[in-house]
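Thanks for making the time this morning. I would like to walk through one model slowly, starting with charged side chains and then moving on to the interface and a few local details.

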Amino acid sequence: MGRQDFREKCVAERESTYQTMNVTTYYSLPALLLAGRQKAAEKTVVSFDLFDTLLIRRIHDPDLVKLPVARYIARLARSVGVACHQHRVQELRDTIEKRHRLETGQRFVDQEACYPRFMEELLRHIFAAQYSPELLAQVTDYELTMENSMLVVRDPFKVWMEELFRQGKRLFIISDMYLPAMHLRRLVDHAGIEPYVEAVISSADTFLAKASGKAFAMIAEKYGLAPQDWLHVGDNPISDGLRPVEMGIEALVLSDVGEAQRKSLVKRYYNYSDGKPFWRGRVLQQLMAPLEGEDRPQSSLYREGYTFLGTIIGLFVQEVARHCLEKGIRKIFFLSREGWTFKRYWEQAMPLLYPEGGLPEIEYLYVSRMALAGASCAYQGLTKANADIVFLPTGNRDFRDVCRIFALEIDPLLPHLQRYQLEADSALSPAHQGYTPNNRQMFDALLEDRSFQEEVRRQTRIANEAAVRYFESVGLFAHDHIALVDIGWLGTIQRFLFETIAHRPDCPTCHGLLFGATRGIPYPEGGKNLLRGIVYDRYRFDFAASVIIYAQDIFEEACRAPHPTLNGYRLTETGAELEFRKVDDDIGKAEVEQDNYFAPLQQGIFDSAGRFAAAAALLGYQLEDCRGWMNYMLVSKLAFPTAREVADIRHLHHLDDFHGGRKPQAGLTLGPVPLWRERPWKLKFHPWLRLRHFLGHLRGRINQ
Amino acid sequence: MKRIVTALYDLQGQGIFRLARLALLGKYLPIGNLQGGPGARCLGVLLFLHYLGYPFYLLLARHGHRLQALRRRLRR
């Protein structure tokens with residue numbers, strides 16, 4: 001029997017009656033709704049319990065939502081010079097709340113507490129003279145935001161409420177909760193069910209709760225409700241079952257087995273993450289996962305964007321924030337074009353992760369290797385390291401490619417080449433026919449020629465001035481320390497950028513933060529020019545993370561901004577203008593096609609940002625906590641992907657002006673075919689293909 | 001078109017079986033820093049809860065009250 005059949009059978013056998021209480025319990029939501037619709041036809045009033053009935057929590061234990069609030073209060077306290085650790089805040093909150101409940105218990109049957117009262121007392125205790133009503137409002141706002149991020153409305157209930165509302169029934173929401181009705185209304189409003197409800201009633205306002213049944217009597221009197229016309233729906237067999245029945249109200253109790261299973265799983269993931277750090281990333285993902293109506297059928301690209309790339313980018317962006325706060329960096333520049341995705345993710349995630357603020361300013365910086373390469377030569381000339389970068393891609397062959405990349409006019413440079421027995425077409429890349437080591441030696445000698453370098457500097461001075469003007473306009477020189485966030489891989493953009501501005505006395509210290517630093521050629525680190533790979537760095541041995549090399553283009557394509565690449569900067573009377581690449585040629589069209597193909601993937605990444613932030617804020621986990629799980633995801637998805645995953649995520653095009661279009665000599669560049677470039681049938685049927693590639697990768701890293 | 005979360009409350013494309021397979025490979029091959037890995041017991045419990053959790057909790061919901069005496073005794 002399939003799982004669905006089994007569930008249906010369970011739904012069919014749904015009812016189990018408490019003989020003594022005369023309360024009917026339903027073990028699935030469809031069963032309860034079926035009965036509820038029949039019974040509600042005879043009633044004029046329907047009331048609902050709120051938590052675990054209309055709204056379900058992503059987390060198994062509602063008290064866990066209090067932890068980020070304690071952390072937030074501790075941070076606020078620290079910002080005004082009060083030392084109070086988050087555990088102490090939580091301890092104080094529990095103590096004060098408990099005392100409030102005991103005091104209420106002396107005057108009422110129910111031992112209830114009221115959030116604004118005990119929270120005010122807590123804040124007064126911690127902040128003493130620095131307490132203000134605005135502080136209470138600020139903390140309450142964050143607590144409700146966290147609650148909202150963890151609560152999900154049950155769609156079938158929402159639909160039923162709408163039906164009941166249209167039928168003219170009076171609908172109430174009754175909750176035994178420390179949050180007063182005005183706060184609950186915010187949760188109900190966020191869930192989208194507020195318009196259907198006549199009143200939201202909380203035990204925190206009157207200290208009359210459902211648990212004792214006093215709430216039902218009070219509501220009946222206040223709103224003039226007749227018990228025989230009243231149907232109540234909830235999840236607690238006593239508060240939502242026995243008590244209303246005692247009052248003569250018909251009650252339906254939901255004991256949702258599916259929910260019990262889900263919560264039990266979350267509980268295990270959460271508990272395991274305490275002792276086994278590997279599970280931290282998994283519990284983070286479990287809390288990020290969409291629930292109920294949020295989880296619509298989506299394409300495989302969207303799902304990969306949400307669960308795989310979204311989580312890793314979230315951890316990366318969170319680490320960027322942590323690093324900048326630790327180093328006192330006050331401005332972050334997200335470098336085009338991948339930085340566009342990181343910036344957008346940042347904007348969605350950071351308000352929940354850092355509610356107290358204090359984060360660096362952020363800015364999107366229009367840069368590209370092509371735009372900066374020329375500008376970088378204006379003072380230092382064309383260095384050997386930069387010239388070597390040109391010949392890393394096999395599509396570049398000779399001096400013409402050097403000129404194309406560094407925006408140099410070739411004619412004035414030809415006499416210099418001739419002095420070194422070189423021509424514009426002399427092959428300088430070993431991947432091309434005609435290459436001789438002598439050509440390269442002569443080229444290296446040319447790079448040391450003073451008159452050649454003077455001509456290079458002369459030609460690139462205007463490009464440098466335009467770039468510097470643009471950087472001035474975005475405030476790049478306004479800070480002593482700035483972070484430059486980019487996808488990777490060699491750090492070429494930062495290299496060119498730093499060399500463009502290094503001559504200025506106000507040149508800031510540039511902290512390069514790359515998603516992955518593969519460091520194909522050594523980066524000139526030191527002084528004001530720093531570089532660090534966050535998810536992967538070749539200088540930090542992390543074998544699992546190194547599998548990023550399997551398919552690094554995917555990350556690049558997935559994060560790319562939907563605008564063409566920057567070709568350069570043009571000087572104007574008032575400053576500098578950006579010059580973008582045209583999109584009507586083959587490369588431009590291929591990029592647009594690729595962008596359209598990956599649009600669902602990007603949407604998945606952005607949709608995950610808010611939920612990632614809520615889950616990370618609740619759990620208090622950062623990248624280092626989740627590194628084990630992240631590494632597992634990388635190995636599993638990149639080194640051992642399914643054939644379907646490769647077919648779906650593999651990019652259609654990855655083209656770049658920097659790479660050139662020359663055809664290398666046959667046989668010279670043919671290494672082993674990368675796993676992600678293997679033919680589909682091989683990926684599907686070859687049993688040892690992934691293992692063979694993995695062993696090859698392992699050998700490569702060990703020999704590195 | 002599929003949902004992100006499966007009917008077993010697992011993540012689509014990142015299921016517990018896939019993890020178990022890689023964890024098994026990790027016993028014989030170095031696959032990198034997994035911060036100690038998942039652990040066989042944790043994996044076993046999660047496999048059970050993902051795949052057999054529903055009938056188990058259904059049984060518990062319907063007849064769990066009969067186990068109260070046993071639970072009390074175990075607690076003691």
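Which residue forms a salt bridge with Asp542(A)? The partner is Arg627(A), with the closest N and O atoms 3.5 Å apart, where a salt bridge is a side-chain nitrogen of Lys or Arg within 4 Å of a carboxyl oxygen of Asp or Glu. This pair links distant parts of the chain, since Asp542(A) lies in the loop between β14 (529–537) and α24 (552–559) of chain A, while Arg627(A) belongs to helix α27 (residues 623–639) of chain A, 85 residues apart. Both Asp542(A) and Arg627(A) are buried, and by buried I mean under 20% relative accessible area, with exposed being over 50% and partly exposed in between, using a 1.4 Å probe and protein chains only.

Before going on, the conventions: this is a predicted model, in which local features need pLDDT of at least 70 and side-chain atom pairs count only at pLDDT 80 or more, whereas totals for chains, interfaces and linings use all residues. Residues are numbered from 1 along each chain as its sequence is written, chains are lettered from A and ligands numbered from 1 in the order in which they are written, and side-chain values use heavy atoms, with hydrogens and water left out.

Over all chains the structure holds 61 salt bridges. Among them is the one between Lys66(A) and Asp63(A), at 3.1 Å from N to O; here Lys66(A) is buried at 6% relative accessible area, whereas Asp63(A), at 41%, is partly exposed. Another joins Arg88(A) to Glu91(A) at 3.0 Å, N to O, and these two are separated by about one helical turn because they sit three residues apart in helix α4 (residues 86–107) of chain A. Arg88(A) is partly exposed at 39%, and Glu91(A) is partly exposed at 47%. There is also a network of salt bridges that links Arg337(A), Glu557(A), Arg560(A), Glu591(A) and Asp595(A). As for the elements I name, helices (H or I, at least four residues) and strands (E, at least two) are DSSP runs, numbered from the N terminus.

Let me turn to the interface. In chain B, 44 residues are in contact with 62 residues of chain A, contact meaning heavy atoms within 4.5 Å. The two chains bury about 4800 Å² between them, 64% of it on carbon and sulfur atoms; that area is the accessible area (1.4 Å probe) that two parts lose on being put together, summed over both. The rule finds two salt bridges across this interface, and Arg18(B) forms a salt bridge with Glu645(A), the closest N and O atoms being 2.6 Å apart. On the side of chain B that touches chain A, the elements giving two or more residues are α1 (16–28) and α2 (40–63) of chain B, and the largest share, 14 residues, comes from α2(B).

Finally, two local details in chain A. From strand β2 (residues 23–26), Val23(A) and Thr25(A) point one way and Thr24(A) and Tyr26(A) the other, and all are buried. Three bridges join β2(A) to strand β9 (residues 250–254), the two running parallel, and strands pair if DSSP finds at least two bridges between them. Thr24(A) stands opposite Leu252(A) in β9(A). In helix α23 (residues 492–501) we find Thr492(A), which is buried at 5% relative accessibility and, leaving aside neighbours within four places in sequence, is in contact with Arg369(A) and Ile389(A).
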